[in-house]
Amino acid sequence: MKLPSTEQTTPNVRPKKLDLDQRAISILRENEWGDYTLPTKGLYPYQWNWDSMFVALGFSEIDLDRAWTEVESLFQGQWKNGMAAHIVFRRDSPSYFPGPKIWGGTHEVPTSGCSQPPVAATIVRDLYEKDPVQGKKRLLDLFPRLMRWHRWFHTMRVISGGAAIAVTHPWESGRDNSPDWDEALDDVDPSGVTPYTRKDLGHVDAAMRPTNAQYDRYIKLVEYGRNCGWDHAQITREGPFAVADPGITFILMRADRDLQALARYLEKESAVHEIDTWLYRDKIAADYLWNDDIDAYAARNMRNGQHSDGVSSVSFLSYYAGITKPKRDAKLQRTLNRILSIAPYSLPSFDPEHPKFDSKRYWRGPTWAIINYLVARGLSEYGFEEKANRIRLDTRRVIQKSGFYEYFDPITGEGSGGNNFTWTAAIWLAWASPMTDG
Ligand code: DGY
């Protein structure tokens, strides 16, 4: 695809349709901070794990070398145990809480103490396949790091006998305040939390963000991790919060397959075999997550086995993960049809017919361009072209209507959260723009 140059930008003004490609490029460049890119200025002043990987995908449309650099910089935040952290701090910024001191990690480049959805191997495969000659050396360096990170998930975030991947902090899921976590979060005792001041509410309307009661628990979970020296085996086995997440489980399954393709390119036979054992268990994980009461895959509290009772947008990532079961899929498709028929700017992050749906509050209803991209990619791979296209065109329309917001009201299309948001711009460039047609 051929894109225009980055000149003549008009920041903070909603761009006209034809300016959107150019504006998206400018957002990527304006949020660039040396070798990494901020999700948006002010609200998120560091490098976030999955944000950065979608940014790499966006950069790969205009500057493949810079795309690889983005991925490499993320792995500066990889711990000795293999975990690629969810935030890489590098410096302290007064506009964000909780910063590096609160997390209290010991990694040389300061980071948070949990991880985030591992889209990296999939994006690395995309970059490599765009130009295998340029990518070979960079892939050789990244491959062992990706292996160590996936191995960390498959050992540290499963509970014995299970295979679904648990998140031990809602922040690890990337879907911070999804109703998927409500029941398990209620069991986290917030008493005695060290007093703190939220910074996010200085940037974004409180009605679009998690509540204070949720924040108290988020910070309590950080304090638990810090107090046990970030012993992730203990955190997963005994910590206050462990919920099997369809989002992270399906994203890892897909990334496992892409990592295996990369292992084949590099002729790493022992890695191919190790990944086979992960892929075998992945199927069991999907069975564990299926909830017949709502005809969808749903989160499941690892402490008591209880399922979440609502459909979230990540329920539909099963196709992206490579999981199909005919009877189940027929039900899942009916669920998707129902949701698409209610939400004009799909795909809502939570079922609009559920009492907990909130069209503006972060992961409790709003539409996110990145999830749309992943879900549609999977649907398209399994031949559901019409639905994949509907989701892609909804993403295009909502950005054309409201600009490059962090997320969007699925009913009105209004933009919410941070503006000039890098991953929304990246998804525009890689997938939603009319420039990507045909
Ligand atoms: C935040 O601070 O809201 C982030 O989502 C945490 O990752």
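Trainee: How many residues in the lining of the largest pocket are nonpolar, how many polar and how many charged?

Mentor: This is a predicted model, and its largest pocket has a volume of about 230 Å³. The lining includes Tyr373, Ala376, Ala388, Ala430 and Trp431, and Tyr and Trp count with Ala as nonpolar. By class, the lining divides into 5 nonpolar, 3 polar and 3 charged residues.

Trainee: Which elements give two or more residues to the lining of the largest pocket?

Mentor: Among the lining residues are Tyr373, Ala376, Glu385, Ala388, Ala430 and Trp431. The elements that each give two or more residues to this lining are helix 15 (369–381), helix 16 (385–402) and helix 17 (422–432).

Trainee: What distance separates an oxygen atom of the ligand from a polar side-chain atom of aspartate 176?

Mentor: The residues surrounding the ligand include Trp48, His86 and Asp176. For tryptophan 48, a side-chain N or O atom is 2.9 Å from an oxygen atom of the ligand. For histidine 86, the corresponding value is 2.8 Å. For aspartate 176, the distance is 2.6 Å.

Trainee: Which residues lie nearest the centre of the largest cavity?

Mentor: The search of the whole structure finds 2 cavities of 30 Å³ or more, and about 190 Å³ of space lies in the largest. Its lining has 12 nonpolar, 3 polar and 4 charged residues. Tyr44, Trp48, Asp176 and Tyr362 are also among the residues that surround the ligand. Out of 19 lining residues, those nearest the centre are Tyr44, Trp48, Gln116, Asp176 and Tyr362.

Trainee: How many charged residues are in the lining of the second largest cavity?

Mentor: The second largest cavity has a volume of about 80 Å³. Its lining includes Trp103, Gly113, Cys114, Thr168 and His169. Of the lining residues, 7 are nonpolar and 4 polar, and the number of charged ones is none.

Trainee: Which helix gives the most to the lining of the second largest cavity?

Mentor: Leu221, Tyr224 and Gly225 are among the residues of this lining. They fall within residues 212–227, and the helix over that range gives 3 residues. The helix asked for is helix 9.

Note on methods:
Residues are numbered from 1 along each chain as its sequence is written. This is a predicted model: local features need pLDDT of at least 70, side-chain atom pairs count only at pLDDT 80 or more; totals for chains, interfaces and linings use all residues. Side-chain values use heavy atoms; hydrogens and water are left out. On a 1 Å grid over the protein atoms alone, a cavity is a set of points where a 1.4 Å probe fits but cannot get out, and a pocket is an open set with protein on both sides within 12 Å along at least five of seven lines; lining residues have an atom within 4 Å of a point. Grid points are joined across faces, edges and corners, and a volume is the space filled by probe spheres set on the points. Helices (H or I, at least four residues) and strands (E, at least two) are DSSP runs, numbered from the N terminus. A residue is near a molecule or strand if one of its heavy atoms lies within 4 Å of it. A polar contact is a pair of N or O atoms within 3.5 Å; within protein, one must be able to donate a hydrogen and the other to accept it, and residues adjacent in sequence count only if both atoms are side-chain atoms.
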